[in-house]
Amino acid sequence: MENDAPKRFDRIVAIFIQLQSKRIVRAQELAERFEVSLRTIYRDIRTLEASGVPIYGEAGIGYSLIEGYRLPPMSLTQEEATSLVGAEKLMQKFTDRIIQQHFSSAIYKLRAVLKANDKDWVWSIESQVVMQPIQMKSNESVPNALATLFESIARKTQVRLLYQAMEANQPTERTIEPVGVFHQDNFWYVIGYCHLRKDYRQFRTDRIERIQHTDFPFKLTHQPLDFYLQLQKQRPTTSVKILVNHDIARHLKWERHYYGFIKEEIVDDNVMLTFEVQNLNDGFARWFMMFGDRAKILEPPQLKERVQELLTLSLQSIDS
C-alpha cells in the first residue's frame with residue numbers, strides 16, 4: 001500500500017493555512033476541499049492540536065485559531081506563484097479600478113515572500129500574458145462600485161445608488177441592502193433589497209451612475225445569495241426547439257448556455273436544440289436572428305411570430 005504520509009502532511013499544512021485565512025472554518029468545508037471524510041478531518045485537527053497549535057472548536061459552528069496566534073508567512077511553491085499571474089490578469093479584466101488597485105497592493109505583498117528564482121519565473125510568465133479588455137465592463141465614472149458593495153455586505157449597511165435601468169428614460173435614486181454580488185456574461189450584478197420597490201431586485205454594476213455608503217444598518221435579515229439565484233432560475237420559462245445544421249450547431253456551443261440550453265439531438269442530417277427560455281420575445285428571438293437563415297423554429301409558434309415581427313421592423317427601418 002502506498003505511503004500516505006506525505007499527502008497527509010501536505011493536507012494538514014493546508015488546513016493550518018486555511019485556519020489562518022478565515023475566522024471560522026467548518027469541518028464539512030475542509031472535507032469537501034480535500035475530498036476526504038469528516039473523520040479524517042477530525043483526526044488532522046487533533047494532530048495540529050497535539051503539535052501545539054491552539055485551535056478552538058465548537059460543535060455546529062466550526063474551528064478557529066485562538067486570537068493573536070499567527071506564524072510568519074509561509075513560502076509559496078512555484079505553481080502557487082504562477083497562479084498569481086493568472087489571478088492578477090483576471091482581476092485587471094473583470095473588476096473595477098479600485099478593486100484592481102487593492103488587489104495589486106496585495107499581490108506586491110505576496111511577491112515579497114517569493115524566492116529570487118520564483119520572482120524571475122513569475123516575471124517571465126507575466127510579460128507574456130495579456131488579457132484583452134472587455135468593452136463597458138464597468139462604469140469608469142464610478143470606479144468604486146464593487147468595493148463599496150463588498151464593504152456594505154461585510155458591514156451590513158445600506159447603500160444609495162443612482163441607477164439607470166435599461167427600460168427607464170432617467171436614472172432613479174435607490175437605497176438598497178446588498179445581499180451578494182455575482183459575475184455573469186461579462187458583467188457584475190448585485191442582488192439586494194430595494195427600499196423603493198419594496199422587493200428584491202437585481203442591479204448591473206455598470207449601470208450604477210453614483211454609489212454612496214450610509215451608516216444605516218440593514219432593516220431586514222436576508223437569505224444567502226444562492227437562495228435568490230435559485231429563485232431566478234425558478235421563474236417561468238418557455239420550451240423552445242430549433243433545428244440547425246451541424247456547422248451552426250458547433251458554432252452555437254460557445255454561447256447557447258446563455259439562452260437556457262437543455263440538450264441537443266441528432267435528427268436526420270440536422271441537430272435539434274432544446275431550450276428553456278425566460279426572455280423569449282427579445283433575448284432569444286434577437287439571438288435567433290443572427291443565424292436564422294440557416295435554422296428552423298419547431299416550437300413555439302409565438303417565437304416564429306416574434307421573429308417575423310422583428311424582420312418586418314428591420315425591413316421598414318432599411319426602407320425609411
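**Entry 1: a pair within α10**

I began with Arg 286 and Asp 282, which are 4 residues apart in helix α10 and therefore separated by about one helical turn. The model I am reading is a predicted one. I looked up whether the two side chains meet, and they form a salt bridge at 3.5 Å, N to O. I then checked how open each partner is. Arg 286 is partly exposed, with a relative accessible area of 46%. Asp 282 counts as partly exposed as well, at 35% relative accessibility.

Is Arg 306 buried or exposed? Arg 306 is buried, with a relative accessible area of 14%.

I looked up the total: the structure holds 13 salt bridges. One of them I read in detail, between the side chains of Arg 256 and Glu 264, at 2.8 Å, N to O. Arg 256 counts as buried because its relative accessibility is 12%, under the 20% cut-off. Glu 264 has 34% relative accessibility and so counts as partly exposed.

**Entry 2: the buried side of α10**

I went back to helix α10, residues 280–288, to list what is buried there. The list reads Leu 280, Phe 284, Ala 285, Trp 287 and Phe 288. As background, an α-helix has 3.6 residues a turn, so residues three or four places apart point the same way.

Next I asked what covers the buried residues of α10. The cover includes three strands, β8 (238–244), β10 (270–277) and β11 (295–299). It also includes two helices, α9 (246–252) and α11 (301–319).

**Entry 3: the strands around β8**

With β10 it pairs in the antiparallel sense, over 7 bridges. With β11 it is joined by 4 bridges, and these two strands also run antiparallel. Lys 241 gave me a reference point for both pairings. Lys 241 stands opposite Thr 274 in β10, and Lys 241 stands opposite Glu 299 in β11.

**Entry 4: the cores**

How many residues does the largest nonpolar core have? I noted 21, and the residues with the most contacts inside this core are Ile 242, Val 244, Phe 284 and Phe 291. At least two residues of the core come from each of β8, α9, β10, α10, β11 and α11. The largest share is 5 residues, from α10.

I then took Val 244 and read off its contacts beyond four places in sequence. They are Ala 249, Asn 270, Val 271, Leu 273, Phe 291, Arg 294 and Ala 295.

**Entry 5: Thr 214 in β7**

My next stop was Thr 214, in strand β7, residues 208–217. Is Thr 214 buried or exposed? At 5% relative accessibility, Thr 214 counts as buried. I looked up its polar contacts. The side chain of Thr 214 reaches the backbone oxygen of Gln 158 at 2.7 Å. A polar atom of that side chain also lies 3.2 Å from the backbone nitrogen of Phe 216. Leaving out residues up to four places away in sequence, Thr 214 touches Arg 155, Thr 157, Gln 158, Val 159 and Arg 160.

**Entry 6: Glu 151 in α7**

Last, I looked up Glu 151, which is found in helix α7, residues 145–155. Glu 151 counts as partly exposed, at 35% relative accessibility. How far apart are Glu 151 and His 213 in space? From C-alpha to C-alpha I noted 8.7 Å, while in sequence the two are 62 residues apart.

Methods
Residues numbered from 1 in each chain as written. Predicted model: local features only at pLDDT ≥ 70, side-chain atom pairs only at ≥ 80, totals over all residues. Heavy atoms only, no water. Buried < 20%, exposed > 50% of the residue type's maximum accessible area, 1.4 Å probe, protein only. Contact = heavy atoms within 4.5 Å. Pairing = 2+ DSSP bridges. Polar contact = N/O pair within 3.5 Å; in protein donor to acceptor, adjacent residues only side chain to side chain. Core = buried A, V, L, I, M, F, W, Y, C linked by side-chain atoms within 4.5 Å. Salt bridge = Lys/Arg side-chain N within 4 Å of Asp/Glu carboxyl O.
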